[in-house]
Amino acid sequence: SNPFEVKVNRQKFDILGRKTKNDVGLPGVSRSKAIKKRNQTLLKEYKEREKTNVFKDKRFGEYNTKITPEEKMIRRFAMERQQNYGKKNIYNLNEDEELTHYGQSLAEIEKLNDIVDSDSDTEERGTLSAELTAAHFGGGGGLLRKKVSSEQQDEEGEKPKSRKELIEEMIAKSKQEKQERQTRRESALELTEKLDKDWKEIQTLIARKTPKSERKDKEVEKPKPDEYDMIVRELGFEMKAKPSERLKTEEELAKEEQARLQKLEADRLRRMRGIDEQANKKRPSHMSADDLADGFILDKDDRRLLSYKDGKINIENEEEEGEEEDNDNEEESQEESASEDEEDDAADSHSDLESDLESEEEAAGNKEKKHKANENESQNVEKLDPNSEAAKSELPYTFAVPESSETFKSLLAGRTIEQQLIILERVQKCNHPSLAVGNKAKLEKLFGFLLEYIGELATLDLPELRTIDKLVLPLYNLCQMFPEAASDSIKFVLRDAAHDLEEVIEVKGRATFPGLDTLIYLKIISLLFPTSDFWHPVVTPAFMYMSQLLTKCRVTTLQDVIKGLFICCLFLEYVSISRRFVPELINFLLGVLHISLPKKQAQSYTVVHPFTPVGKNQELLFVNDKEDLKSWEKQNVPLSIVTRLKETSKTEINHIRLSCLALCFDLIKKCAALYESLPSFHEIMHPVRILLTQHVPVNEYPEKMQEWYHSALKELESKVKHYTPLVCEKKKPVPLKQYTPKIVKVLEFGRKQAGSKKEQERKQLIQRHKRELKGAIREIRKDNQFLARMQLSEIMERDSARKRKVKELLGSLATQEGEWKAMKRKKWQS
């Protein structure tokens, strides 16, 4: 391209919103201009896409078209003066405002030499003498010394005084002046008192009593206080609310609880060992009458200085020593017992007597005293034995967190349920996570131990369901403290149960319902975690596992029916809030109704796995005995009966069958109330309705069972059909014949059809719109391509930097490996 053909209109400044025509005539200029514009706008927006800085135009009336420019400027000027008023103009003396001081204009005051004296001090305080001013502010004592020396030389002709003498004279003069002021003040006070006294004496002579008639006229009747005034006065005398103490944090509460338990444990251990608090106190040793205390040695200086604090004697030292003595009592108890025996021997020997006979008698008396003392001690031990035994039988107040499952079980073994709850509570309080660093990990393990212990209680021959019910509370507390560890432990249990189920299905082709421990775990999950979430890391796997149990576990015994109905109850508990549809639940209830019917009935419904339409397990809940039907009463089916069905009689088994059937009717009623808002509710419950209305022998059941049956059937039939499912029509509807003629305009292609002015303008607008739309689409496509190129360049830069760093690391590792091999080779050669 010829550069002389390029026409360039240079622009000095870039103005926003103005279209410019620069660099005209150069090939490729439009493309470069577009790229430059995108770099200035689109790229800048892309780089600042995560920033929130925005410039806001807060000028008054900038976008208000109703205000004229003059009003706008006046309002802006007024607002500016209002903002600056009180900040800058306080100290600006060039303004026309009049400045005053104590009500007087500063412009009128020529000289401000008048000093305003203090109202409270009438004397001439604060005035300094000439000598004092010259001494302190006039360059020290040098000028004063020169002045005095000149006067003395002129008058007396003596030597000048030193600085020390001058200062002493100055101090003496100031004291003298102060004494004179004091005497003047005292004399003034005496005079005022004398005047007051004389005035009182004169006032008694002048006093005159007013007559009663005048006094009545002057007196004004006081209005009686209103009830509102009385209540207001009473409120004024009421005690005001006192500020309460601040709420303590969780760490402070944990520390206080730990200190309390440690103190209780120390008291229990002392009582268990038979140590009495009274015995720990020091007893005064026996001293002879003639003892001169020659061997007294002062171990430490116990003297204290008498001090007062807030008007009271300070006795902090005494309290601190008392605490130290209490702490050392236990350590010194053994030493005191030995030393007291020796002191008794020495004290009772009475060495001040001269007679040997008397000393022998006294020695014999000492032996008797020792014997009596030993008897008294043995009696005291016997008295303390019941207390020590009671202390031993008490639970310790402090526990360490068990490190293994065996230690945890041994800690709870042989304890009642109340004691087990107390132990778990004290373990949590003594080892709170805020008290030490490793307590959190220990308590997380405790959740797993407790979960395993609950499973073992459920697998016993006689499962302790009441104990498990009580242990759910500490399990819930631990789950609230450590939700992640709790979810991991329960997910591990669910994973093992699901793997066992899959392995049994792969080997045998069918599976059985799990044990009582797994069912209890599923119940505990609904208590510990929210079941209404759309997705939950623990509840969702449990939901899937329960659905697999209802579809893959075959129902062959009465225990399987009871377990399946328990899972159905759990399903309704899980979906009670979310109202999630569970087809396995409806299918299982239909199967339970199916196995309660006799075999020979014709079936107008379909039964799917795990139930079979024909087989030996078809009549699991069918009862023929009329006596058992008459003697049956509605009762809840306990979960622990699963382990005791072999020991029960035939009548009891029939009663359990009827109770299971009544529970099935109740679950059908709850399902109908839960899923009534589903569009396909009637289609879902249609097989259940057919089976209830056509196949169930209602007349053979007892009256209570008939009530349950009718209530379930009424719940099903009372639901109105709210929605109809949408169905596509097989053929399109045939349109009706129309008799109006269809006029088709014949166009001459290649020519613009003439028309009215409005039609031509409309066509032009349509054409312009198409052109603008194509241009906009093209620009959007180019913008997207530009952004894609920018993103690709960023990715390439990051990748290149990463490759460079990886190469550097590999190079450094290679050099280290070479150095290590060389060092190893040298070592081998040496």
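This briefing covers salt bridges, cavities, a surface patch and selected backbone features of the structure above. The model is predicted. A search of the whole structure finds 17 salt bridges, and a search for cavities of 30 Å³ or more returns 6. A nonpolar surface patch of about 480 Å² is also present.

- Arginine 38 and glutamate 779 form a salt bridge through their side chains, with an N to O distance of 3.0 Å. Because arginine 38 sits in helix 1 (residues 29-40) and glutamate 779 in helix 27 (residues 757-829), this pair ties together parts that are 741 residues apart in sequence.
- The arginine of this pair, arginine 38, is buried, at a relative accessible area of 9%.
- Lysine 429 has a relative accessible area of 29%, so it is classed as partly exposed.

- The side chains of glutamate 808 and arginine 804 form a salt bridge with an N to O distance of 3.4 Å. Both residues lie in helix 27, and because they are 4 residues apart they are separated by about one helical turn.
- Both partners are partly exposed: glutamate 808 has a relative accessible area of 49%, and arginine 804 has one of 44%.

**Cavities**

- Rolling a probe the size of a water molecule over the atoms shows where empty space is left.
- The search of the whole structure gives 6 cavities of 30 Å³ or more, and the largest cavity holds about 70 Å³ of space.
- Arg554, Val555, Ile595, Pro610, Phe611, Thr612, Asn617 and Gln618 line the largest cavity.
- By residue class, this lining comprises 4 nonpolar, 3 polar and 1 charged.

**Backbone features**

- The peptide bond from histidine 609 to proline 610 is cis, with omega near 15°.
- Proline 610 is located in the loop between helix 21 (583-594) and helix 22 (626-631), and is also one of the residues lining the largest cavity.
- Arginine 579 is not a glycine, yet has a positive phi of about 55°. This arginine 579 is placed in the loop between helix 20 (558-574) and helix 21.
- With a relative accessible area of 45%, arginine 579 is partly exposed.

**Nonpolar surface and a loop leucine**

- Trp199, Ile202, Leu205 and Ile206 make up the nonpolar surface patch of about 480 Å².
- Isoleucine 206, one of the patch residues, is part of helix 6 (residues 163-206).
- Isoleucine 206 has a relative accessible area of 56% and is therefore exposed, the class for values over 50%.
- Leucine 460 falls in the loop between helix 15 (439-458) and helix 16 (465-481). At 37% relative accessibility, leucine 460 is partly exposed.
- The C-alpha atom of leucine 460 is separated by 9.5 Å from that of leucine 516, the two residues being 56 residues apart along the chain.

Methods. Residues numbered from 1 in each chain as written. Predicted model: local features only at pLDDT ≥ 70, side-chain atom pairs only at ≥ 80, totals over all residues. Heavy atoms only, no water. Patch = residues over 30% accessible without salt bridge, like charges linked within 9 Å, V, L, I, M, F, W, Y side chains within 5 Å. Areas by Shrake-Rupley, 256 points an atom, 1.4 Å probe, with all protein chains shown as cover. Salt bridge = Lys/Arg side-chain N within 4 Å of Asp/Glu carboxyl O. Helix = DSSP H or I, 4+ residues; strand = E, 2+ residues; numbered from the N terminus. Buried < 20%, exposed > 50% of the residue type's maximum accessible area, 1.4 Å probe, protein only. 1 Å grid on protein atoms, 1.4 Å probe; cavity = no way out; pocket = protein on both sides within 12 Å on 5 of 7 lines; lining within 4 Å. Points joined across faces, edges and corners; volume = space filled by probe spheres on them. Nonpolar A, V, L, I, M, F, W, Y, C, P; charged D, E, K, R; others polar.
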